[in-house]
Protein chains: 4
Amino acid sequence: MVIAMKQNALTSQVAGVIAMLKERGIEPRMVTTDPRTVLGVVDELDQGLAKELMGQLKGFPGVDEISSFTDSWKLVSRSFREDTTHIKLGPASIGGEDLLIMAGPCAVESKENFQSLAKQLSVCGASMLRGGAFKPRTSPYSFRGLGEEGLKIMAEAREQTGLPIITEVLSPADVELVADYADALQVGTRNMQNFSLLEAVGDVNKPVMLKRGLMATIKELLLSAEYIVARGNNNVMLCERGIRTFETQTRNTLDISAVPVLKKHTHLPVVVDPSHAAGKRELVPSMALAAVAAGADGLMLEVHQNPEAAFSDGRQSLAVEDFSRLMAGLAKVASAVDRRIVGVNDEAQGNLFAAG
Amino acid sequence: MVIAMKQNALTSQVAGVIAMLKERGIEPRMVTTDPRTVLGVVDELDQGLAKELMGQLKGFPGVDEISSFTDSWKLVSRSFREDTTHIKLGPASIGGEDLLIMAGPCAVESKENFQSLAKQLSVCGASMLRGGAFKPRTSPYSFRGLGEEGLKIMAEAREQTGLPIITEVLSPADVELVADYADALQVGTRNMQNFSLLEAVGDVNKPVMLKRGLMATIKELLLSAEYIVARGNNNVMLCERGIRTFETQTRNTLDISAVPVLKKHTHLPVVVDPSHAAGKRELVPSMALAAVAAGADGLMLEVHQNPEAAFSDGRQSLAVEDFSRLMAGLAKVASAVDRRIVGVNDEAQGNLFAAG
Amino acid sequence: MVIAMKQNALTSQVAGVIAMLKERGIEPRMVTTDPRTVLGVVDELDQGLAKELMGQLKGFPGVDEISSFTDSWKLVSRSFREDTTHIKLGPASIGGEDLLIMAGPCAVESKENFQSLAKQLSVCGASMLRGGAFKPRTSPYSFRGLGEEGLKIMAEAREQTGLPIITEVLSPADVELVADYADALQVGTRNMQNFSLLEAVGDVNKPVMLKRGLMATIKELLLSAEYIVARGNNNVMLCERGIRTFETQTRNTLDISAVPVLKKHTHLPVVVDPSHAAGKRELVPSMALAAVAAGADGLMLEVHQNPEAAFSDGRQSLAVEDFSRLMAGLAKVASAVDRRIVGVNDEAQGNLFAAG
Amino acid sequence: MVIAMKQNALTSQVAGVIAMLKERGIEPRMVTTDPRTVLGVVDELDQGLAKELMGQLKGFPGVDEISSFTDSWKLVSRSFREDTTHIKLGPASIGGEDLLIMAGPCAVESKENFQSLAKQLSVCGASMLRGGAFKPRTSPYSFRGLGEEGLKIMAEAREQTGLPIITEVLSPADVELVADYADALQVGTRNMQNFSLLEAVGDVNKPVMLKRGLMATIKELLLSAEYIVARGNNNVMLCERGIRTFETQTRNTLDISAVPVLKKHTHLPVVVDPSHAAGKRELVPSMALAAVAAGADGLMLEVHQNPEAAFSDGRQSLAVEDFSRLMAGLAKVASAVDRRIVGVNDEAQGNLFAAG
């Protein structure tokens with residue numbers, strides 16, 4: 001049940017609604033107070049009780065509208081909150097007019113490489129740095145990242161460039177550590193239905209980017225996001241990164257229609273990762289442009305100073321020059337769909353791609 | 001084997017190469033004469049013979065370069081012909097700077113409806129009319145189209161609007177009839193590997209649009225196109241229209257990465273059909289914009305005057321107002337990627353979306 | 001609508017029902033007369049008319065039960081005909097207690113090879129010979145079969161062994177020719193939705209085996225079978241041969257659950273082709289045993305005298321010794337699920353695998 | 001690298017090999033000592049070093065054969081250990097002639113229900129009890145199991161029936177608790193690539209059943225098993241439970257070919273779960289019979305006393321009568337492929353299905 005208060009409702013009127021529900025053993029969740037207060041009841045109520053409560057609430061002062069959830073996802077639903085959630089990420093943000101461009105290597109490999117790359121990405125207009133410190137690897141014998149050392153390197157690059165950082169967390173036990181360093185936590189493809197991890201990132205006060213599983217439906221992605229939001233963390237971004245199909249020319253098949261489907265069903269911002277979907281760097285620019293045209297709120301791109309020598313995923317990483325050229329193209333397409341790309345340091349550094 | 005002649009090669013020199021090959025029992029194919037003559041040998045030669053011929057040809061006057069085919073597709077390969085094939089479709093065309101916008105209903109339902117819709121599409125800037133006269137239907141008990149009557153209705157709409165027409169052909173026995181009326185023949189998804197139909201459309205002198213099978217890899221699509229071109233019909237467009245996956249929010253999953261993959265491997269122009277992929281009209285505009293941003297040469301869109309009353313596929317058909325709005329958006333994204341949308345009658349009718 | 005007559009209904013009573021329907025412009029189809037006459041009306045009637053007719057028919061002498069079709073497939077539905085269709089194929093048959101074992105090479109390559117193989121297969125207890133004379137090939141440059149020459153070779157092998165023959169037909173234009181030679185026609189995977197071919201094989205008086213498309217749903221397979229049966233050819237076998245998935249260890253993924261799903265929904269007999277699904281001969285025996293345990297009515301197996309030298313599909317072909325060993329295993333599993341394997345020439349040749 | 005010692009090698013000779021490797025900084029793993037000692041080196045050695053070591057080891061007394069790993073999975077590979085791993089599970093076992101039949105409800109719902117069901121399953125010849133205490137649920141609002149209370153109920157049922165118990169563990173934090181109660185731990189489909197969970201179950205001394213992910217390739221399943229075995233827990237069973245495809249008649253598509261593929265590539269025993277794959281109880285028996293015919297070492301079946309009233313997965317649960325009937329059929333097919341079904345209490349209870 002969704003209870004929308006009038007825009008000019010008094011605090012005491014909101015409190016009255018909450019008190020009445022609590023008396024009946026129901027704990028409402030407050031989703032937003034701006035521009036008006038909206039409360040959600042996610043408990044499965046039996047039909048009789050739901051009807052009785054709705055009748056009662058209609059008479060409460062300050063209550064504007066009451067409706068039911070129509071989907072199995074509730075707090076993340078567009079029907080619950082109409083406007084797209086706007087998430088602050090240090091000096092950057094996602095969910096508004098500006099596109100969030102996250103760029104960086106698959107794995108943080110060394111301090112020197114990462115920091116020099118970070119500066120170049122900043123100059124090109126990237127709005128956030130990505131990099132893996134804890135890497136999920138299909139084989140136990142592959143390089144699994146630098147761990148906390150990698151997090152430190154990323155944090156130093158943030159100092160130097162001003163760009164916020166995002167990195168993956170693999171285990172509930174590591175959530176606190178990663179949250180200490182990063183501006184946003186990433187839950188990866190293989191962990192989309194690792195429910196104990198979802199609850200752990202739902203309990204911290206840091207934005208989370210949740211990647212769609214390789215063979216997860218959009219409905220399952222929304223329900224996994226619901227796990228996080230149900231724990232009280234509303235700042236969730238969803239990321240489409242390709243699904244598994246029979247086609248072998250690409251590593252995975254980017255489901256571009258996931259963008260409008262998600263925008264229709266949820267108020268959470270939507271990111272597209274064309275690098276992992278394509279698996280081949282020459283395909284990435286077309287797919288990135290397509291994602292922006294389709295309405296994505298952000299992009300996650302793998303960029304490496306020397307893709308051929310990368311520890312992992314080199315085949316799909318853009319070189320810095322490619323990224324720079326792509327940013328120019330993205331700015332044009334963004335403008336054609338009424339979006340903007342603004343680098344964090346545009347004023348200081350005179351970024352070429354900044355709109356106005 | 002691909003034999004490229006020098007740009008200033010004499011006709012007699014080309015004839016000399018052909019004569020030599022024929023003497024050895026090999027029939028070369030002429031793929032292009034502009035800007036220079038290129039000949040292809042698609043026979044599987046044994047290595048010894050191939051080597052011997054290449055050595056001999058190097059000494060021929062007028063021969064510039066000789067190379068092997070690197071892929072299992074040959075005549076449709078980018079390595080065979082570098083520039084994109086430019087196909088004339090009456091007053092419209094595909095493969096150049098201008099995007100080809102094909103629009104119309106799933107099935108031609110009546111003369112009045114089709115002609116009135118055709119006029120509206122023309123005003124909105126469409127460059128080609130689509131409509132089904134012979135409909136492939138999963139069930140034998142569904143409406144299968146008006147047949148030749150439908151073709152006549154389409155031809156009259158062409159008279160009235162000046163727009164060329166494209167329609168599907170289902171059987172080798174119907175190829176001649178359909179080619180008598182239409183400016184281009186469509187081979188549908190379910191017939192992508194109907195090899196006798198591919199050969200039949202390869203034998204007529206009309207452009208063909210070949211749709212990717214629901215279950216077909218990109219490699220298989222290229223090899224099916226090779227069937228048509230190998231019969232002498234070089235004017236083939238390829239159409240990505242969604243593949244089958246596990247996701248159920250959309251009818252099929254549009255494989256947007258097929259656009260850059262195809263552009264890399266073939267010189268044939270690439271069309272995207274977001275209507276069949278999406279299956280829901282509200283998703284079509286985002287996907288159409290994405291297709292243009294990704295580099296498609298054309299779009300095929302289902303538009304109906306009264307989608308709710310359509311005989312088939314109404315759920316995915318745009319209303320005319322939606323189409324008109326989409327055309328304005330497409331013009332902007334097209335311009336951002338250095339393409340244009342020009343209606344066939346732009347000068348006469350003052351089309352709003354015409355570039356320049 | 002399905003109209004079941006009483007077991008002792010008079011011919012004149014059946015004629016009365018037919019006459020009444022024809023008067024109303026409806027052409028009923030006779031599906032079976034044994035043990036009782038059943039008529040089907042596949043026209044989409046409007047609800048009012050359907051109700052009126054059902055009421056009227058209830059009063060007709062000899063009419064036992066009247067029911068509606070519950071699925072979009074009608075004549076092939078189990079609700080239309082309860083017992084499995086029993087199809088005679090020369091001395092062999094399918095749909096009863098005996099399993100039909102079709103064996104042979106992918107393509108007929110030469111008279112000597114085919115005939116010597118045919119004799120060996122006969123001794124091993126095979127009940128039908130398979131072999132390709134017209135081969136569908138993904139590439140136009142691959143070997144496409146011996147054509148009519150191949151059909152003649154197969155027919156001679158039938159003379160010599162007594163085994164009936166099945167072979168693929170690719171085009172409506174070839175149906176008559178192939179039907180002149182073969183005991184059953186095969187419609188291949190790529191042609192499952194080639195509707196003009198389905199209608200052409202529906203018009204001949206020869207059993208048809210329809211293979212499931214690589215990415216066709218079971219519902220689509222049933223509707224394609226409906227195309228054939230709707231033309232009057234009731235002798236259709238359905239063949240599961242693997243669907244396309246993301247797994248790469250096998251050529252395709254055999255959908256073993258298609259067997260019980262099909263047995264539930266249709267009265268047509270079900271064949272499994274593990275060779276094409278597996279793509280690797282060492283996997284074929286396990287999958288063949290599984291198919292029989294799951295309830296398949298027949299198997300189609302690729303066997304070659306010298307698999308390494310086969311023109312096509314050698315990697316998945318069993319050697320004769322493998323086939324012989326597999327037949328022994330199949331006989332045991334068949335017996336465990338109350339089925340039998342009986343060779344056509346068991347009495348004459350003393351087949352080891354014959355059940356009693 | 002795999003180092004196989006001679007069957008009559010002395011302990012001191014084995015120690016010599018280990019000492020030499022440790023001196024070079026390499027920690028070999030002992031995989032088996034019966035019938036001969038086999039050591040594995042899983043470190044990625046550079047080619048030069050590998051060659052040098054192999055040369056040196058050939059001269060060592062007691063060394064029989066040295067070979068390289070040919071696959072990316074190592075310790076779980078058939079090339080590392082030829083015979084199937086035999087795992088003891090209380091009075092039952094898997095990997096030998098006897099099939100392991102695990103049966104029980106999706107979730108443990110109440111003490112009374114579970115215990116009465118357990119007794120019935122025992123009488124029918126089941127060899128292990130399954131039941132969920134911690135349930136992974138797509139939605140955060142669904143029933144998530146009774147937790148430790150459920151584990152206690154299962155342990156009591158083991159007391160009463162003698163049957164060992166298996167149950168799922170969802171989080172590294174719960175591994176110790178679940179291992180205190182259960183005879184085997186299950187890692188579910190959604191957690192197949194939850195690498196921190198894999199390592200946690202690799203550290204306990206209890207057999208583990210690892211279910212294939214909905215979207216996982218067989219190669220990825222083997223590499224996930226490698227994570228567990230690499231931590232020292234060799235007692236791993238692999239479970240095929242259906243993969244995601246486009247077919248909608250079944251919940252998932254059981255990949256029956258995974259059985260022979262896995263048997264070829266790994267020495268770990270293979271279980272099939274037809275209940276989750278089918279999603280409909282009427283399909284389960286055929287699929288279970290197929291699994292045994294294909295060579296599975298065990299089955300996991302959902303059985304419920306009153307499927308219509310189950311908290312979860314009722315649609316796919318067999319009733320006890322169905323299970324009893326299926327066991328009779330399974331015994332026959334098992335015998336046809338030289339396997340046996342023996343209930344834990346067969347002697348005491350006079351199980352009908354016991355072989356001999």
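How many residues of chain C are in contact with how many residues of chain D?

Author: The model is predicted, so local features are reported only at pLDDT of at least 70 and side-chain atom pairs only at pLDDT 80 or more, while totals for chains, interfaces and linings use all residues. Residues are numbered from 1 along each chain as its sequence is written, chains are lettered from A and ligands numbered from 1 in the order in which they are written, and side-chain values use heavy atoms, with hydrogens and water left out.

In the interface in question, 36 residues of chain C are in contact with 37 residues of chain D, where contact means heavy atoms within 4.5 Å. The size of an interface is often given as the accessible area lost when the parts come together. Here chain C and chain D bury about 2900 Å² between them, 69% of it on carbon and sulfur atoms; buried area is the accessible area (1.4 Å probe) that two parts lose on being put together, summed over both.

Between chain C and chain D there are 4 salt bridges, each a side-chain nitrogen of Lys or Arg within 4 Å of a carboxyl oxygen of Asp or Glu. One of them joins Arg212(D) to Glu247(C), with an N to O distance of 2.7 Å.

On the side of chain C that touches chain D, the elements giving two or more residues are helix 8 (258-265), helix 10 (284-294) and helix 11 (320-336) of chain C. Helix 10 of chain C gives the most, with 6 residues. Helices are DSSP runs (H or I, at least four residues), as are strands (E, at least two), numbered from the N terminus. By class, this side of chain C has 19 nonpolar, 8 polar and 9 charged residues; Ala, Val, Leu, Ile, Met, Phe, Trp, Tyr, Cys and Pro count as nonpolar, Asp, Glu, Lys and Arg as charged, and the others, Gly among them, as polar.

As for covalent links, a search of the whole structure finds 0 disulfides over all chains, a disulfide being a pair of cysteine sulfur atoms within 2.5 Å.
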